[in-house]
Amino acid sequence: MTVVLDPHRWLELRRFRGLLESRAMSLSEIARETGLDRKTVRKYLSAPGPATPPRRSPNGRSRARVIDEFAPLVDSMLRAEILMKAAVIHERLATAYGFTGTYQRVKLYVQDAGPRIAEELGITPKELAGMHRRFEVIPGAQAQVDWGDEGQILAHMGSRKSTRST
């Protein structure tokens, strides 16, 4: 997820650049001090950066993401089946709705939307965690069958012998 810092946070982070370059503070220490992720600190302080804060879109808000257009659809899929996996949602969006975004974007959106929608449906986090429970059975107590189609099965190998006599 790309983080674009607002100008105030950017200026606050830039104060630490000299400390990082002089090795007075590490990336981890700066991250703890600023409350930012270590990767974000590295991105803005390690690379040669511009003298001005990063820009957002002209209206001042962050740019629209591809997933934002499909967010209501993803929300409705989660309302219908709260445990639906992000991989399934991504596949359905791509095949049925022409979604061009990456699986990672869908996964991040589902991580944020899942708990919100569960709360809307009246499902507590404890109940939601209980829905993922794994169960084991003793050997021989359960059978599973995959009814896949393997195509034509050959009953013999090689060429057939002739039965007529000469």
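Biologist: Why is Arg9 called partly exposed?

Modeller: Keep in mind that this is a predicted model. Arg9 has a relative accessible area of 28%. Buried means under 20% and exposed means over 50%, so a value of 28% puts Arg9 in between, as partly exposed. Arg9 is found in helix 1, residues 7-14.

Biologist: What does Arg9 touch, not counting residues up to four places away in sequence?

Modeller: Arg9 touches Thr34, Gly35 and Leu36. Arg9 and Leu36 are 27 residues apart in sequence, with 9.5 Å from C-alpha to C-alpha. Contact is judged on heavy atoms within 4.5 Å, while the 9.5 Å is a C-alpha to C-alpha value.

Biologist: What makes Arg23 exposed?

Modeller: Its relative accessible area is 75%. Exposed begins over 50%, so Arg23 with 75% qualifies. Arg23 is found in the loop between helix 2 (17-21) and helix 3 (27-34). Arg23 also has a positive phi, about 65°, although it is not a glycine.

Biologist: Ala24 lies in that loop between helix 2 and helix 3 too. Is Ala24 exposed, partly exposed or buried?

Modeller: Ala24 is partly exposed, at 49%. The word exposed needs over 50%, so 49% leaves Ala24 in the partly exposed class. Leaving aside neighbours within four places in sequence, Ala24 is in contact with Leu19 and Glu29.

Biologist: Let us turn to the whole chain. Which elements does it have?

Modeller: The chain has eight helices and zero strands. Of its 166 residues, 25% count as buried. The chain exposes about 13,400 Å², and carbon and sulfur atoms supply 53% of that area. Among contacts between residues at least 6 apart in sequence, 57% join residues at least 24 apart.

Biologist: How do you know that Phe70 and Phe99 form an aromatic pair that is edge-to-face?

Modeller: There are two values to check. The ring centres are 5.0 Å apart, and a pair needs centres within 6.5 Å, so Phe70 and Phe99 count as a pair. A search of the whole structure finds one aromatic pair.

Biologist: Which parts does the pair tie together?

Modeller: Phe70 lies in helix 5 (residues 66-80), and Phe99 lies in the loop between helix 6 (86-97) and helix 7 (103-120), so the pair ties together parts that are 29 residues apart in sequence.

Biologist: What makes Phe70 and Phe99 buried?

Modeller: Phe70 has a relative accessible area of 10%, and Phe99 has 6%. Buried means under 20%, so Phe70 and Phe99 are both buried.

Biologist: How do you know that the span of helix 5 is close to the expected value?

Modeller: Helix 5 has 15 residues and reaches 22 Å from its first C-alpha to its last, while 21 Å is expected at 1.5 Å a residue. There is also a kink of about 45° in helix 5, centred on Pro72. Its buried residues, including Ile67, Val74 and Leu78, belong to a set that packs against helix 6 and helix 7.

Biologist: Where does helix 7 bend?

Modeller: Helix 7 bends by about 30° at Ala113, and a proline, Pro115, follows within four residues. Helix 7 has 18 residues and reaches 25 Å, close to the expected 26 Å. Its buried residues include Val106, Tyr109 and Val110. After helix 7 comes Gly122, whose phi is positive, near 80°.

Biologist: What residues have the most contacts inside the largest nonpolar core?

Modeller: That core has 20 residues, and those with the most contacts inside it are Ile67, Val74, Leu78, Ile89, Leu93, Val106 and Val110. Helix 5, helix 6 and helix 7 each give two or more residues to this core. Apart from it lies another core, of 12 residues, among them Leu13, Phe16, Met25 and Ile30.

Biologist: And which residues is Ile67 in contact with, leaving aside its neighbours within four places in sequence?

Modeller: Ile67 is in contact with Val74, Leu93, Phe99, Arg105, Val106 and Tyr109.

Key
Residues are numbered from 1 along each chain as its sequence is written. This is a predicted model: local features need pLDDT of at least 70, side-chain atom pairs count only at pLDDT 80 or more; totals for chains, interfaces and linings use all residues. Side-chain values use heavy atoms; hydrogens and water are left out. Rings of Phe, Tyr and Trp (its six-membered ring) pair if their centres lie within 6.5 Å; planes under 30 degrees apart count as stacked, over 60 as edge-to-face and the rest as tilted. Buried means under 20% relative accessible area, exposed over 50%, partly exposed in between (1.4 Å probe, protein chains only). Accessible areas come from the Shrake-Rupley method with a 1.4 Å probe; for residues, only the protein chains shown count as cover. The expected span of a helix is 1.5 Å times one less than its number of residues. The bend at a residue is the angle between axes fitted to the seven residues ending there and the seven starting there. A nonpolar core is a set of buried Ala, Val, Leu, Ile, Met, Phe, Trp, Tyr and Cys residues joined through side-chain atoms within 4.5 Å.
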